[in-house]
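Please examine the sequence and the model below, with attention to the ligand and its surroundings.

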Amino acid sequence: MNNSDGNFKFALTTPLYYVNGVPHIGSAYTTIVADAIARFQRLQGKSVLFITGTDEHGQKIQRTAEELGLEPQVHCDRIVDSFKSLWDLLDIQYDRFSRTTAPNHQAIVNQFFERVWQQGDIYLDRQQGWYCVSCEEFKEERELIENHHCAIHTNKPAEWRDEENYFFRLSKYQQRLEELYESRPDFIQPVSRRNEVLNFVKQGLKDFSISRVNLDWGFPIPTDDQHTIYVWFDALLGYVTALLEPDQKPTLDNALSQWWPIELHLIGKDILRFHAVYWPAMLASAGLPLPKMVFGHGFLTKDGLKMGKTLGNTIDPFNLVDRYGADAVRYYFLKEIELGKDGDFNETRFIEVLNNDLANVLGNLLNRNLGMLKKYCQGNAPQLTSDDYSSDHPLKSIGVDLGDRVVEMYNNLQISQSCEAILTLVRASNKYIDDSAPWKLFKQGEQAEVEQILYAALESVRLSAYLLSPIIPGISSKIYQQLGFERDFNHNKPVQENEFQLHSKWGKLSNDRTLGKASPVFSKLELPSED
Ligand code: MSP
């Protein structure tokens with residue numbers, strides 16, 4: 001994503017999660033990624049609106065509530081609380097939590113419907129086909145596996161439907177969409193997802209139904225209360241409702257005045273078609289500008305199958321955070337899974353990665369560095385800057401443009417790659433200390449050389465912590481505090497206005513500060529015992 005166009009506003013969304021159960025690790029994954037992106041944009045001084053929320057209407061939710069013997073709204077309220085508490089536990093700093101049952105949402109849906117209706121893009125017809133309630137989507141025969149089961153929800157048969165529905169004239173937008181994908185190749189990412197969409201659209205777009213009968217849980221079609229608006233038509237508009245200020249009158253104009261168009265819709269690959277085909281066509285019909293980008297990430301899988309509530313093969317994120325802490329969970333998913341690819345979760349690997357990267361590599365560098373600064377430099381940061389090092393110095397040569405490279409990577413949503421780039425500096429710093437053995441030089445009375453070495457390593461650990469702060473805000477804060485800064489990355493406000501310009505560079509900061517006491521920033525994890 002090229003965001004270096006001087007745009008200081010950045011609105012991004014996670015999907016609005018179904019409330020058919022408490023959040024699982026798949027929902028947590030999208031939200032963690034979005035949070036890291038939002039944090040990085042804020043760190044650079046941008047004005048960010050990070051939207052998440054819940055999708056509460058439709059058959060799936062209605063049935064879940066019925067099975068539990070609860071009123072749907074009561075059920076939704078309970079599940080929403082659990083989403084919010086998980087986001088708090090994971091240090092997710094969202095700005096808006098959009099609920100499709102919120103009072104102001106219906107006004108937005110009705111106005112939008114009206115615009116599309118006025119365009120002549122809605123009509124009544126007969127819908128026949130196989131419906132997967134878990135996907136809330138009609139499926140083509142060829143998309144189903146044996147016995148008409150959904151390929152994603154392999155334990156759920158799709159249901160045959162034959163009913164009158166209102167349809168949206170998607171076919172009218174065939175050419176507009178093809179032109180969109182052509183003129184804005186970045187609109188759908190990564191490239192593999194773009195190709196999927198291009199192939200799908202090439203087969204010819206069919207109109208899709210946007211109402212349901214025999215379903216109460218949702219908004220009525222404004223022109224015909226015998227029909228309920230299809231959950232996806234309603235849910236996508238939740239992104240628009242989220243843009244309203246808390247006390248603003250719920251009109252489309254108000255909602256779209258400040259933050260539209262949205263910069264990034266981050267979603268999983270299963271809901272790509274809705275975001276990259278249906279949504280832009282709906283917006284075009286209503287005469288609205290389109291979002292800048294839709295990024296479809298991969299699945300967290302267990303034995304190759306998508307983890308999810310329906311298959312029941314998921315991991316409880318509450319338990320994971322409880323056992324290992326927010327930073328550990330965030331780091332693992334952001335570093336280990338290249339955004340866009342699928343990733344299998346394995347607890348042994350989880351512990352290995354965290355112990356190695358955060359305890360043995362990052363934590364160890366900070367610890368030994370502070371220890372030596374205390375011993376050899378009275379606990380002061382040596383008064384040096386980048387200018388005191390030659391350009392081929394082993395750490396300066398990596399550190400000097402690391403900030404710029406990492407900005408580029410974050411902007412391209414290469415979060416795992418940016419972790420790797422940062423770790424390269426941390427690993428090189430540990431090796432540099434080993435190779436140059438400042439303890440020997442100190443004994444030989446080479447004070448200036450000792451200071452040169454320790455400052456270079458100190459600056460490298462600081463820069464790494466700063467650039468990793470969108471990923472591991474808690475650990476980065478601890479490192480910064482031990483380095484003598486009053487910075488808490490879980491509080492949005494930068495310490496100085498030009499903070500990013502100074503802190504994202506190697507060897508540019510003033511060293512006028514007292515270093516703190518070294519204490520471990522990440523305690524090694526142990527595999528839970530078998531019993
Ligand atoms: N309610 C719709 C979205 C409406 S957006 C206007 C929905 N909800 S969902 O709860 O089923 O899924 C939300 C997101 O979680 C999707 O992006 C989906 O891909 C993601 N994940 C659910 N399970 C997942 C994994 N196992 N792995 C990674 N992400 C997955 O769809």
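**The ligand and its surroundings**

In this predicted model, an N or O atom in the side chain of D55 lies 2.7 Å from a nitrogen atom of the ligand. L300 places a backbone N or O atom 2.7 Å from a ligand nitrogen, and for M307 the distance between a backbone N or O atom and a nitrogen atom of the ligand is 2.6 Å. The protein buries 96% of the 650 Å² that the ligand exposes when taken alone.

D55, L300 and M307 are among the residues that come nearest to the ligand, together with G268 and D270, in a shell of 23 residues. By class, this shell comprises 13 nonpolar, seven polar and three charged residues. Two or more shell residues come from each of strand 1 (9–18), helix 1 (25–43), helix 7 (231–236) and strand 14 (264–268). Strand 1 contributes the most, with four residues.

The structure contains three cavities of 30 Å³ or more, and the ligand sits in the largest cavity. The lining divides into 18 nonpolar, 13 polar and six charged residues. At least two lining residues are supplied by each of strand 1, helix 1, helix 7 and helix 10 (272–285).

Conventions. Residues numbered from 1 in each chain as written. Predicted model: local features only at pLDDT ≥ 70, side-chain atom pairs only at ≥ 80, totals over all residues. Heavy atoms only, no water. Near = heavy atom within 4 Å. Polar contact = N/O pair within 3.5 Å; in protein donor to acceptor, adjacent residues only side chain to side chain. Areas by Shrake-Rupley, 256 points an atom, 1.4 Å probe, with all protein chains shown as cover. 1 Å grid on protein atoms, 1.4 Å probe; cavity = no way out; pocket = protein on both sides within 12 Å on 5 of 7 lines; lining within 4 Å. Sits in = over half its atoms within 2 Å of the grid points. Nonpolar A, V, L, I, M, F, W, Y, C, P; charged D, E, K, R; others polar. Points joined across faces, edges and corners; volume = space filled by probe spheres on them.
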